[in-house]
Amino acid sequence: MVALVWFKRDLRLGDHPALARAMAAGPVVPVCIVEPDYWRQGDVSGRHYAFLRESLESLRADLRTRGSDLVLRVGDAVEVLDRLRHETGAAELFSHEETGNAWTFARDRRVAAWARGQGVRWVELPQCAVIRGPHDRDRWAATRNRFVTGDVVPAPRALPPVGLRSDPLPARLGGEEDCPGRQTGGRGAAEALLDSFLTRRGLTYRKAMSTPLDGAAACSRLSPHLALGTISVREVMQATAARQRAVRGTRDGWVGSLKSFQSRLAWRDHFMQKLEDEPELETRCLHRAYEGLRPATPDRARLEAWCKGETGLPFVDACMRSLRATGWLNFRMRSMVMSVASYHLWLDWRATGLHLARMFTDYEPGIHWSQVQMQSGTTGINTLRIYNPVKQGRDQDPEGVFTRRWCPELADVPDMYLQEPWRWQGRVDYPPPLIDVAQAARAAREAIWAVRREDGFRDEAARVVRKHASRKDPGRHFVNDREARARTRGRDERQLKLDL
Ligand SMILES: Cc1cc2nc3c(=O)[nH]c(=O)nc-3n(C[C@H](O)[C@H](O)[C@H](O)COP(=O)(O)OP(=O)(O)OC[C@H]3O[C@@H](n4cnc5c(N)ncnc54)[C@H](O)[C@@H]3O)c2cc1C
């Protein structure tokens, strides 16, 4: 009997356990559903859709060369699947588990209910190390290592033909226009990036990843591909491991860079696990005591200035404008723009996080919302890091190349005043800063600290630690609440970094 293989955030044929499992049982129909209601959600955008379309075209071409096709349908997932069940007689549905946003979570519950009701067996398999259902956080890293070092599933050589129609895809979805400088979707682009990173671009990764200019070339740029699954994290880790064996003992920088890269890849699943375990973290502060700390309705003028790159803080504005035009920012600059929004501008992370989600071509809900909360100080367990945007500009863009490229109105401002043009005597057509950087950082720190001193703070922090914290350091295994609370006490004392 035929089975449906539902392609979601796994748009590839190589290392696709769900496809392999379905094929082992019989003929398969590869399906992808474009859901207009999903594309009306606040965290998605036209650039995501454009990247998706390219990736679907690439997947379809790969299927066609193997004798099959991709059946593309537009509509509600349950209705589409129900129609396909009638058209094919399929009694089995295969897909990968998806750690998506609240909308996809609710949709998957509806699909599960439909499958149960229709007697369809829905087989969902993991495609990365994220674990669904109850699990032991203490053993998470070991489980992850087993998964990523496991066998990569080879792409099938041939598939049976498919005689089903496809719907034409809408030219645009997701509201906002496409982004002219964004990355290109599809398997070929992912493979080319991996190859150029491992053989050339990655050499300076460790040093260059923090700067927005050099980082754009020296980082892997695989994030949108990992987000839509045109390449799997296991494929990337194993290709990197092979390269690590090849460069072992060399001293030109590869060894350190590849080690750093592997640890970033490990963070991916670690952060995604948080959303899998607590889907509410997309909309609620991880540490509940931070609820209500910032105004629920953010100051409109500040929010708009931040989104547009018109805060009067040159390095922040350059980052926000560059992001709008290219769909990407390096990790440190993402942290800085989030930190400035949450601390200096005192904006609620939900509103700013939505804007960034729409701007990042690589929007991955599990990484995104965990990082957004972490950089806003609402997890209650992480280092409170308040970045100083003036210092960051001087450190990461000492000659002002990046700042002037995206803020051309500052072209004539001398280097020493570039990150603080309000101190320059010359004339410049650029907004004054929305806030006083040092004063705003101090006020934010005091407000966050006041919450940390409240009764019951540690108990809640202990809950967050038990559920979500990395167990990387030896000795970080808690058998009871007392140990967990002791750990959070240590964090309170140690973990404040003010970037003044
Ligand atoms: C506020 C904020 C929001 C973010 N939102 C996203 C998002 O929506 N999607 C996304 O993929 N990344 C997100 N990141 C993490 C990180 O900035 C990007 O993964 C990285 O910049 C992507 O570029 P790259 O692929 O060249 O990364 P590389 O440095 O080459 O890293 C390789 C891969 O490792 C993973 N990775 C790297 N850094 C991190 C990290 N800090 N946490 C978790 N995984 C990581 C990503 O999958 C990345 O593609 C966010 C970071 C912050 C501070």
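Predicted model: local features only at pLDDT ≥ 70, side-chain atom pairs only at ≥ 80, totals over all residues.

Here are some questions about the terms, with their answers.

Visitor: Why is helix 10 called roughly antiparallel to helix 11?

Guide: Helix 10 covers residues 233–247 and helix 11 covers residues 254–277; they pack at an angle of about 160°. Angles over 145 degrees count as roughly antiparallel. The angle of about 160° is over that cut-off, so helix 10 is roughly antiparallel to helix 11. Their axes are 10 Å apart, and the crossing is left-handed.

Visitor: Which residues make the contact between helix 10 and helix 11?

Guide: On helix 10 they include V233, V236 and M237, and on helix 11 they include W254, V255 and L258. The residues of this contact divide into nine nonpolar, three polar and three charged.

Visitor: How do you know whether L11 is buried or exposed?

Guide: L11 lies in the loop between strand 1 and helix 1. A residue is buried if 20 or more other C-beta atoms lie within 10 Å of its own. L11 has 27 within 10 Å, so L11 is buried. Beyond its neighbours within four places in sequence, L11 is in contact with S55, L56, L59, L228, G229 and T230.

Visitor: What makes I381 count as buried?

Guide: I381 has 22 C-beta neighbours inside 10 Å, and the cut-off is 20 or more, so I381 counts as buried. I381 sits in the loop between helix 16 and strand 6. From I381 to G175 is 206 residues in sequence and 36 Å in space, C-alpha to C-alpha.

Visitor: Why is helix 15 described as mostly covered?

Guide: Helix 15 spans residues 349–359, and eight of its 11 residues are buried. W349, T352, G353 and H355 are among them, as are L356, A357, R358 and M359.

Visitor: Which helices do the buried residues of helix 15 pack against?

Guide: They pack against helix 12, helix 13, helix 14 and helix 16.

Key. Residues numbered from 1 in each chain as written. Axes fitted to C-alpha atoms, helices over the stretch in contact; angles between N-to-C directions. Helix = DSSP H or I, 4+ residues; strand = E, 2+ residues; numbered from the N terminus. Parallel < 35°, antiparallel > 145°, perpendicular 65-115°, else oblique. Left-handed = near helix turned anticlockwise from the far one by under 90°. Contact = placed C-beta atoms within 7 Å. Nonpolar A, V, L, I, M, F, W, Y, C, P; charged D, E, K, R; others polar. Buried ≥ 20, exposed ≤ 12 C-beta atoms within 10 Å, placed from the backbone.
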